[in-house]
Amino acid sequence: MELSEQDRARISSAIYASEARTTGEIVCVLARTSSSEAVGVPVMLAAVIALALPWMLMSFTAAPLQLMLSLQVLAFFGLLAVFCLPRVRVALLPRAARRALAHRAAMEQFVSRGIARTRERTGILIFVSLAERYARIIADEGIASRVPREEWQGAIDILRGHMREGHIADGFVTAIDRCGAVLAAHFPLVEGERSELPNRIYLI
(Lines give C-alpha, C1' and ligand atoms only; values in the text may rest on other atoms or scores of the structure.)
Protein backbone atom coordinates (compact mmCIF):
# COMPACT_ATOMS: atom_id res chain seq x y z
CA MET A 1 0.00 0.00 0.00
CA GLU A 2 1.52 3.29 -1.09
CA LEU A 3 0.77 6.87 -0.11
CA SER A 4 0.47 9.32 -2.98
CA GLU A 5 1.97 12.79 -2.91
CA GLN A 6 -1.54 14.10 -2.30
CA ASP A 7 -1.98 11.73 0.66
CA ARG A 8 1.30 12.84 2.20
CA ALA A 9 0.34 16.49 1.71
CA ARG A 10 -3.02 15.85 3.43
CA ILE A 11 -1.28 14.23 6.38
CA SER A 12 1.23 17.08 6.65
CA SER A 13 -1.62 19.60 6.61
CA ALA A 14 -3.44 17.66 9.31
CA ILE A 15 -0.33 17.70 11.52
CA TYR A 16 0.13 21.42 10.96
CA ALA A 17 -3.54 22.14 11.81
CA SER A 18 -3.45 20.01 14.96
CA GLU A 19 -0.17 21.50 16.20
CA ALA A 20 -1.64 24.99 15.70
CA ARG A 21 -3.81 24.22 18.76
CA THR A 22 -1.19 22.81 21.10
CA THR A 23 2.41 22.91 22.28
CA GLY A 24 2.56 19.18 21.57
CA GLU A 25 4.40 17.68 18.62
CA ILE A 26 2.99 14.96 16.35
CA VAL A 27 5.19 12.64 14.30
CA CYS A 28 3.77 9.99 11.94
CA VAL A 29 5.56 6.89 10.65
CA LEU A 30 4.21 4.31 8.21
CA ALA A 31 6.22 1.08 7.94
CA ARG A 32 5.62 -1.51 5.24
CA THR A 33 6.85 -4.18 7.63
CA SER A 34 8.59 -4.41 10.99
CA SER A 35 9.90 -7.96 10.53
CA SER A 36 12.33 -7.56 7.64
CA GLU A 37 15.16 -9.01 9.75
CA ALA A 38 13.11 -11.87 11.21
CA VAL A 39 14.48 -14.63 8.98
CA GLY A 40 15.02 -17.30 11.64
CA VAL A 41 11.68 -19.05 11.11
CA PRO A 42 11.89 -19.05 7.27
CA VAL A 43 15.44 -20.46 7.39
CA MET A 44 14.45 -23.16 9.89
CA LEU A 45 11.39 -24.28 7.91
CA ALA A 46 13.26 -24.31 4.61
CA ALA A 47 16.09 -26.33 6.20
CA VAL A 48 13.74 -28.90 7.79
CA ILE A 49 11.85 -29.48 4.54
CA ALA A 50 15.07 -29.66 2.51
CA LEU A 51 16.60 -32.15 4.95
CA ALA A 52 13.50 -34.34 4.73
CA LEU A 53 13.39 -34.28 0.93
CA PRO A 54 16.06 -36.98 0.25
CA TRP A 55 14.33 -39.38 2.64
CA MET A 56 11.03 -38.90 0.83
CA LEU A 57 12.71 -39.37 -2.54
CA MET A 58 14.40 -42.59 -1.39
CA SER A 59 11.03 -43.95 -0.28
CA PHE A 60 9.22 -43.30 -3.56
CA THR A 61 11.89 -43.14 -6.30
CA ALA A 62 15.15 -44.71 -7.35
CA ALA A 63 16.79 -41.40 -8.15
CA PRO A 64 20.60 -41.33 -7.84
CA LEU A 65 22.11 -39.78 -4.74
CA GLN A 66 23.70 -36.89 -6.64
CA LEU A 67 20.29 -35.87 -8.03
CA MET A 68 18.73 -36.07 -4.58
CA LEU A 69 21.38 -33.81 -3.08
CA SER A 70 21.02 -31.33 -5.94
CA LEU A 71 17.25 -31.26 -5.44
CA GLN A 72 17.82 -30.75 -1.72
CA VAL A 73 19.92 -27.65 -2.33
CA LEU A 74 17.44 -26.28 -4.86
CA ALA A 75 14.55 -26.96 -2.49
CA PHE A 76 16.25 -25.12 0.36
CA PHE A 77 16.97 -21.95 -1.60
CA GLY A 78 13.63 -22.04 -3.42
CA LEU A 79 11.66 -22.42 -0.21
CA LEU A 80 13.77 -19.81 1.52
CA ALA A 81 12.99 -17.31 -1.24
CA VAL A 82 9.27 -18.00 -0.89
CA PHE A 83 9.24 -17.97 2.92
CA CYS A 84 11.14 -14.65 2.99
CA LEU A 85 8.50 -12.85 0.94
CA PRO A 86 7.14 -10.13 3.27
CA ARG A 87 3.57 -11.46 3.54
CA VAL A 88 4.68 -15.08 3.88
CA ARG A 89 7.36 -14.24 6.45
CA VAL A 90 4.87 -12.32 8.57
CA ALA A 91 2.27 -15.09 8.29
CA LEU A 92 4.81 -17.63 9.56
CA LEU A 93 5.51 -15.62 12.72
CA PRO A 94 3.37 -16.15 15.84
CA ARG A 95 1.06 -13.23 16.64
CA ALA A 96 3.02 -12.35 19.79
CA ALA A 97 6.27 -12.23 17.80
CA ARG A 98 4.72 -9.97 15.16
CA ARG A 99 3.50 -7.55 17.82
CA ALA A 100 6.86 -7.59 19.62
CA LEU A 101 8.75 -6.78 16.43
CA ALA A 102 6.34 -3.99 15.50
CA HIS A 103 6.54 -2.54 19.02
CA ARG A 104 10.34 -2.57 18.87
CA ALA A 105 10.25 -0.80 15.50
CA ALA A 106 7.90 1.83 16.93
CA MET A 107 10.21 2.49 19.87
CA GLU A 108 13.20 2.78 17.52
CA GLN A 109 11.32 5.35 15.44
CA PHE A 110 10.33 7.27 18.57
CA VAL A 111 14.01 7.72 19.39
CA SER A 112 15.40 8.20 15.89
CA ARG A 113 12.85 10.90 14.94
CA GLY A 114 13.89 13.06 17.89
CA ILE A 115 10.56 12.94 19.71
CA ALA A 116 12.28 12.43 23.05
CA ARG A 117 14.40 15.54 22.50
CA THR A 118 11.65 18.17 22.44
CA ARG A 119 11.97 20.96 24.96
CA GLU A 120 8.93 20.09 27.08
CA ARG A 121 8.90 16.36 26.25
CA THR A 122 5.45 16.77 24.71
CA GLY A 123 5.75 14.74 21.51
CA ILE A 124 3.78 11.74 20.33
CA LEU A 125 4.45 9.14 17.68
CA ILE A 126 1.63 7.74 15.54
CA PHE A 127 3.06 4.49 14.18
CA VAL A 128 1.54 2.00 11.73
CA SER A 129 3.15 -1.19 10.44
CA LEU A 130 1.12 -2.53 7.54
CA ALA A 131 2.35 -6.12 7.24
CA GLU A 132 1.81 -6.75 10.94
CA ARG A 133 -1.49 -4.80 11.00
CA TYR A 134 -0.13 -2.91 13.97
CA ALA A 135 -0.98 0.60 15.14
CA ARG A 136 0.33 2.35 18.23
CA ILE A 137 0.58 5.83 19.71
CA ILE A 138 3.59 6.47 21.94
CA ALA A 139 3.61 9.60 24.08
CA ASP A 140 6.72 11.16 25.60
CA GLU A 141 6.99 11.43 29.37
CA GLY A 142 5.71 15.00 29.55
CA ILE A 143 2.41 13.82 28.05
CA ALA A 144 2.29 10.35 29.60
CA SER A 145 2.44 11.87 33.08
CA ARG A 146 -0.81 13.79 32.46
CA VAL A 147 -2.72 11.90 29.78
CA PRO A 148 -3.93 8.33 30.45
CA ARG A 149 -3.09 5.83 27.72
CA GLU A 150 -6.82 5.13 27.31
CA GLU A 151 -7.30 8.59 25.76
CA TRP A 152 -5.33 7.47 22.69
CA GLN A 153 -7.41 4.34 22.13
CA GLY A 154 -10.00 6.11 19.99
CA ALA A 155 -7.31 7.25 17.55
CA ILE A 156 -5.79 3.74 17.47
CA ASP A 157 -9.20 2.21 16.71
CA ILE A 158 -9.66 4.71 13.88
CA LEU A 159 -6.30 3.77 12.39
CA ARG A 160 -7.03 0.05 12.57
CA GLY A 161 -10.46 0.49 11.03
CA HIS A 162 -9.10 2.43 8.07
CA MET A 163 -6.25 -0.07 7.67
CA ARG A 164 -8.77 -2.89 7.26
CA GLU A 165 -10.57 -0.87 4.58
CA GLY A 166 -7.36 0.10 2.80
CA HIS A 167 -7.78 3.83 3.51
CA ILE A 168 -4.58 4.42 5.42
CA ALA A 169 -4.26 8.13 4.60
CA ASP A 170 -7.80 8.80 5.87
CA GLY A 171 -6.91 6.88 9.02
CA PHE A 172 -3.87 9.02 9.68
CA VAL A 173 -5.70 12.30 9.02
CA THR A 174 -8.56 11.39 11.36
CA ALA A 175 -6.24 10.00 14.05
CA ILE A 176 -4.07 13.13 13.89
CA ASP A 177 -7.13 15.30 14.42
CA ARG A 178 -8.22 13.16 17.39
CA CYS A 179 -4.73 13.28 18.92
CA GLY A 180 -4.56 17.04 18.33
CA ALA A 181 -7.78 17.49 20.30
CA VAL A 182 -6.36 15.49 23.22
CA LEU A 183 -3.13 17.46 23.18
CA ALA A 184 -4.94 20.81 22.92
CA ALA A 185 -7.03 19.93 25.98
CA HIS A 186 -3.97 19.18 28.12
CA PHE A 187 -1.29 21.30 26.44
CA PRO A 188 -2.92 24.35 24.82
CA LEU A 189 -0.89 26.50 22.48
CA VAL A 190 1.41 29.08 24.09
CA GLU A 191 1.95 32.32 22.19
CA GLY A 192 5.28 32.36 20.41
CA GLU A 193 5.68 28.57 20.56
CA ARG A 194 7.33 27.12 17.46
CA SER A 195 7.19 23.63 16.02
CA GLU A 196 10.33 21.67 16.82
CA LEU A 197 9.80 18.69 14.50
CA PRO A 198 8.92 18.40 10.78
CA ASN A 199 5.22 18.22 9.95
CA ARG A 200 5.40 15.17 7.73
CA ILE A 201 4.91 11.42 7.58
CA TYR A 202 7.94 9.15 7.36
CA LEU A 203 7.73 6.07 5.13
CA ILE A 204 10.04 3.19 6.05
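**Backbone, helix and core**

Mentor: We begin in the loop between α5 (95-112) and β2, where R121 is placed. Please bear in mind that this model is predicted.

Trainee: What is the phi of R121?

Mentor: The general idea comes first: most residues other than glycine have a negative phi. R121 is not a glycine, yet its phi is positive, near 55°.

Trainee: Is R121 buried, partly exposed or exposed?

Mentor: R121 has a relative accessible area of 26%. Because buried requires a value under 20% and exposed one over 50%, R121 counts as partly exposed.

Trainee: Where is R133 placed, and what is its phi?

Mentor: R133 is in the loop between β2 and β3. Its phi is positive, about 50°, although R133 is not a glycine. With a relative accessible area of 61%, R133 is exposed.

Trainee: Turning to helices, how does the reach of α3 stand against the span expected for it?

Mentor: One compares the distance between the end C-alpha atoms with the span expected at 1.5 Å a residue. Helix α3, residues 65-83, has 19 residues and reaches 26 Å from its first C-alpha to its last, close to the expected 27 Å.

Trainee: Which residues of α3 are buried, and how do they fall around its axis?

Mentor: M68, Q72, A75, L80 and F83 are the buried residues of α3. Viewed down the helix axis, they fall within an arc of 120°, so they line one face of α3. They pack against α2 (40-60) and α4 (86-92). On the other side of α3, the residues Q66, L74 and F77 are exposed.

Trainee: How many residues has the largest nonpolar core, and which elements give two or more residues to it?

Mentor: A nonpolar core is read as buried residues joined through side-chain atoms within 4.5 Å. The largest one here has 30 residues; C28, I124, I126, V128, W152, F172 and I176 have the most contacts inside it. Two or more of its residues come from each of α1 (5-19), β1 (25-31), β2 (123-129), β3 (134-139), α7 (153-165) and α8 (168-186). Helix α8 gives the largest share, eight residues.

Trainee: Beyond its neighbours within four places in sequence, with which residues is I124 in contact?

Mentor: Among them are I26, V27, I115, I137, W152, C179 and L183.

Key:
Residues are numbered from 1 along each chain as its sequence is written. This is a predicted model: local features need pLDDT of at least 70, side-chain atom pairs count only at pLDDT 80 or more; totals for chains, interfaces and linings use all residues. Side-chain values use heavy atoms; hydrogens and water are left out. Buried means under 20% relative accessible area, exposed over 50%, partly exposed in between (1.4 Å probe, protein chains only). Helices (H or I, at least four residues) and strands (E, at least two) are DSSP runs, numbered from the N terminus. Contact means heavy atoms within 4.5 Å. The expected span of a helix is 1.5 Å times one less than its number of residues. The arc is that of the directions from the helix axis to the C-beta atoms.
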